[in-house]
Structure formats: structure tokens, C-alpha cells
Amino acid sequence: MKPYVYITRKLPEETLAELKKIAKVEMWQEEDKPVPRQILMEKAEKAAGLLTMLSDKVDEELLLQARQLKVVANLAVGFDNIDVDAASKCGVTVCNTPDVLTDTTADLAFALLMAAGRRITEAAEYVKDGKWNSWSPLLLAGTDIHHKTLGIVGMGRIGEAVAKRAAGFEMNVLYHNRRRKPEAEEKHGRLFYRTFEELLKESDYIVCLTPLTPDTKGLFNEKAFKMMKDTVMFINVSRGGVVDETALDKALTQGWIRGAGLDVFREEPIPSDHPLLRHANLTALPHIGSASIETRLMMARLAVKNIAHVLQGLKPPAAVNER
């Protein structure tokens with residue numbers, strides 16, 4: 001019998017051809033809502049492989065019940081929805097989809113920076129709502145992007161790609177990372193290292209790209225927002241849990257910062273009555289960092305390949321843990 005694989009979101013059939021040759025594949029069919037927890041638990045109990053999304057919680061409870069499980073492939077770079085330690089103890093390989101979404105996510109990060117800084121979505125709604133009755137010099141005036149100082153928190157592959165885009169706008173790029181880059185790389189990329197506090201104080205735009213870990217949870221809190229310039233634009237395209245949303249709401253209300261652009265939230269999807277959404281100077285997106293057709297298809301193919309390799313006893317292209 002072929003091993004059973006369960007996929008928690010509907011993917012294009014053309015991305016599954018390789019996997020269907022070696023496995024019986026079942027897929028959650030409802031596009032507008034996630035697979036319920038109880039159904040995921042039931043499917044996992046008989047699955048050799050799971051292809052999951054960031055919103056699917058793969059915790060110790062599920063892993064202990066899934067006795068036949070060999071691999072969990074997350075359709076994302078991040079994997080904070082998966083208990084990797086518990087998976088390793090259970091002999092389950094955890095995989096992700098790095099590299100293929102770097103440039104696409106960097107595009108979105110910079111687009112969000114520009115949209116927030118120049119008030120693009122606010123201006124678009126202004127027109128659609130019939131409010132554009134005349135022209136005035138400061139009508140929906142935003143803030144310049146060129147020649148400003150960009151602070152990147154989390155200088156991995158995506159951070160480096162964002163820095164390249166900033167170079168085209170002649171921005172001064174500061175960065176903070178757990179590990180400082182070699183001097184040669186800093187010079188080549190025209191990057192300037194700063195402590196976290198220094199970066200907060202000096203930047204005109206701050207882009208958060210750090211992964212969610214125990215050390216980064218709530219990193220951007222009330223103390224951090226108070227350190228920033230009152231003209232700063234704060235952008236988060238990493239994980240919602242890195243930001244204390246109550247503190248951000250207060251920062252926007254009190255005018256500690258000029259505005260923000262968020263592609264991620266602590267709880268997703270964010271409810272329409274969330275306090276943050278009442279701010280006109282907040283640009284909110286529904287976690288679309290890697291959402292281009294080309295990139296999502298590449299991510300799906302890589303996730304499928306990860307599962308297929310493990311089920312065939314081969315080394316997967318992108319394993320998070322060692323078995």
C-alpha cells in the first residue's frame with residue numbers, strides 16, 4: 001500500500017504529480033477556512049506525511065498521536081507552528097521552504113514600506129470614497145523614502161534582499177542581527193551594524209525581519225517604540241508575535257511613531273474590530289509576503305519534494321531538524 005499524505009490547504013494539482021506517484025494524497029478542499037483541529041488530528045493519526053501551513057499547530061499532542069508520521073513539510077520558511085523538539089524525539093523530519101521566497105518577500109516588504117511611507121492605500125481609499133474634491137499642497141502628504149535611514153532587524157537572506165532594494169533609493173542601511181556580518185560583507189553591501197537600541201534611535205524606517213523565538217517574542221514593546229523617532233515608519237513582515245500589539249496601538253495613538261505597515265499579526269486572521277485597524281496611519285495586509293503565483297508554486301513543489309524524499313528514504317532538500 002502507498003503511504004498516506006494529508007495536505008492542509010488546497011494546492012494546484014500540477015504541483016502534486018511527483019508525490020502522487022508514491023503516495024495516496026488527500027487534501028483539505030475548503031479554500032476560505034483552515035482545516036479544523038480535530039480533523040487534522042484524525043488525519044495525522046494515519047498519515048506518513050503532512051504538508052502544513054503556518055496556521056496549523058503541529059504540537060506534541062498531535063505528534064504523539066501520529067504514530068506513523070515520518071515527515072511534516074511546512075509551506076513557509078518559518079516553522080514556529082511546529083514543535084521541532086517533539087518531532088525530533090518522535091523521529092519525524094520537519095522541513096520548510098527556504099530560499100525560493102526570498103526575493104518575493106523582499107519585494108513585498110519594500111512595497112509595504114513605500115505604501116506606509118507615502119500613504120498609498122490611504123490615498124487610494126480617499127479616491128474610492130469620493131473624498132477627492134480639490135487639490136492642496138499637503139493633501140495626503142507622506143514621507144520621503146530616498147536618502148532616508150533604513151534599519152533592518154534580522155539580517156538574513158530576506159534582509160539582505162531588502163537592503164539591495166534600498167540601495168536603489170540611496171538609503172542609508174543600518175542593521176541589527178544576532179550575529180554581526182564579516183567586515184567585508186558589510187563594506188560590499190554598504191551595511192552599518194548597530195545595537196538594537198542604536199538602530200531604534202537612528203532609523204527613519206524600521207523593517208522587522210527577525211524570526212519568532214523566545215528571545216524575540218514581544219521584542220518591539222512599549223520601551224522600544226518610545227526609543228524611536230516620532231517620524232519613524234515601522235514595518236513588520238516577520239511574525240506577529242515579535243510585536244507587542246498593545247504597545248504598537250499605544251504608539252500610534254500617542255504619536256510616538258508616524259505610522260506602521262504590518263503583513264503579520266499575533267493572531268491571524270486579524271478580526272475587523274481589532275484596535276490596530278482603527279488607525280488611518282496603519283497599512284494592514286493579510287500575510288501575503290510570499291504571495292506571488294510563481295513563488296507559491298515553487299514553495300508547493302519544494303514542500304512536495306521534501307515529503308517525497310523522506311518517504312523514499314532520501315535526504316530532503318530542506319530539513320530543519322536532524323534525525
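For the terms, strands (E, at least two residues) and helices (H or I, at least four) are DSSP runs numbered from the N terminus, and two strands pair if DSSP finds at least two bridges between them. A quick word on the model: it is predicted, so local features need pLDDT of at least 70 and side-chain atom pairs count only at pLDDT 80 or more, while totals for chains, interfaces and linings use all residues. Residues are numbered from 1 along each chain as its sequence is written, and side-chain values use heavy atoms, with hydrogens and water left out.

Zooming out, β1 and β2 belong to an open sheet of 5 strands, ordered β2-β1-β3-β4-β5, with parallel pairing. β2 (24-27) and β5 (93-95) are the edge strands, and each pairs on one side only. From one strand to the next, the twist averages 15 degrees. Angles run from 0 to 180 degrees between N-to-C directions, and axes are lines fitted to C-alpha atoms, for helices over the stretch in contact.

Two helices are worth a look against these strands. Helix α2 (residues 37-46) lies across β1, β2 and β3 (49-52), at about 155 degrees to β1. Helix α12 (residues 293-311) packs on the sheet too, touching β1, β3, β4 (71-74) and β5, and its direction makes about 170 degrees with that of β4. Contact here means heavy atoms within 4.5 Å.

## The seven-stranded sheet

Now for the other open sheet: its 7 strands come in the order β8-β7-β6-β9-β10-β11-β12, and the pairing is parallel. β8 and β12 (282-284) stand at the edges with a single partner strand each, so one side of each has no neighbour in the sheet. The twist averages 20 degrees from one strand to the next.

Within this sheet, β9 (residues 205-208) and β10 (residues 233-236) pair in the parallel sense over 4 bridges, and Val207 has Ile235 of β10 as its bridge partner. Helix α5 (residues 102-118) packs on the sheet, touching β6 (149-153), β9, β10, β11 (259-262) and β12, with its direction at about 150 degrees to that of β10. α7 packs on the sheet as well, touching β6, β7 and β8, and its direction makes about 170 degrees with that of β6.

## β6, covered on both faces

How many of the residues of β6 are buried? The count is 5 of 5, where buried means under 20% relative accessible area, exposed over 50%, and partly exposed in between (1.4 Å probe, protein chains only). In a regular strand, side chains alternate between the two faces of the sheet. In β6, Thr149, Gly151 and Val153 are buried on one side, and Leu150 and Ile152 are buried on the other. β6 pairs with β7 in the parallel sense over 5 bridges, and Thr149 has Asn172 of β7 as its bridge partner.

## The second largest pocket

The second largest pocket holds about 340 Å³ of space. A pocket is an open set of points on a 1 Å grid over the protein atoms alone, where a 1.4 Å probe fits, with protein on both sides within 12 Å along at least five of seven lines; lining residues have an atom within 4 Å of a point. Grid points are joined across faces, edges and corners, and the volume is the space filled by probe spheres set on them.

Of the 15 lining residues, Ala163, His188, Gly189, Arg190 and Leu191 lie nearest the centre of this pocket. α7 (157-167), β7 (172-176), α8 (183-189) and β8 (191-193) each supply at least two lining residues, and α7 gives the most, with 4. By class, the lining has 6 nonpolar, 3 polar and 6 charged residues. Ala, Val, Leu, Ile, Met, Phe, Trp, Tyr, Cys and Pro count as nonpolar, Asp, Glu, Lys and Arg as charged, and the others, Gly among them, as polar.

Pro269 is found in the loop between β11 and β12. A cis peptide bond joins Glu268 to Pro269, with omega about 0 degrees. Pro269 counts as exposed, at 76% relative accessibility.

Arg119, in the loop between α5 and α6 (120-128), has a positive phi near 60 degrees although not a glycine. Its relative accessibility is 27%, so Arg119 counts as partly exposed. Glu170 also has a positive phi, near 55 degrees, and is found in the loop between α7 and β7. Glu170 is exposed, with a relative accessible area of 56%.
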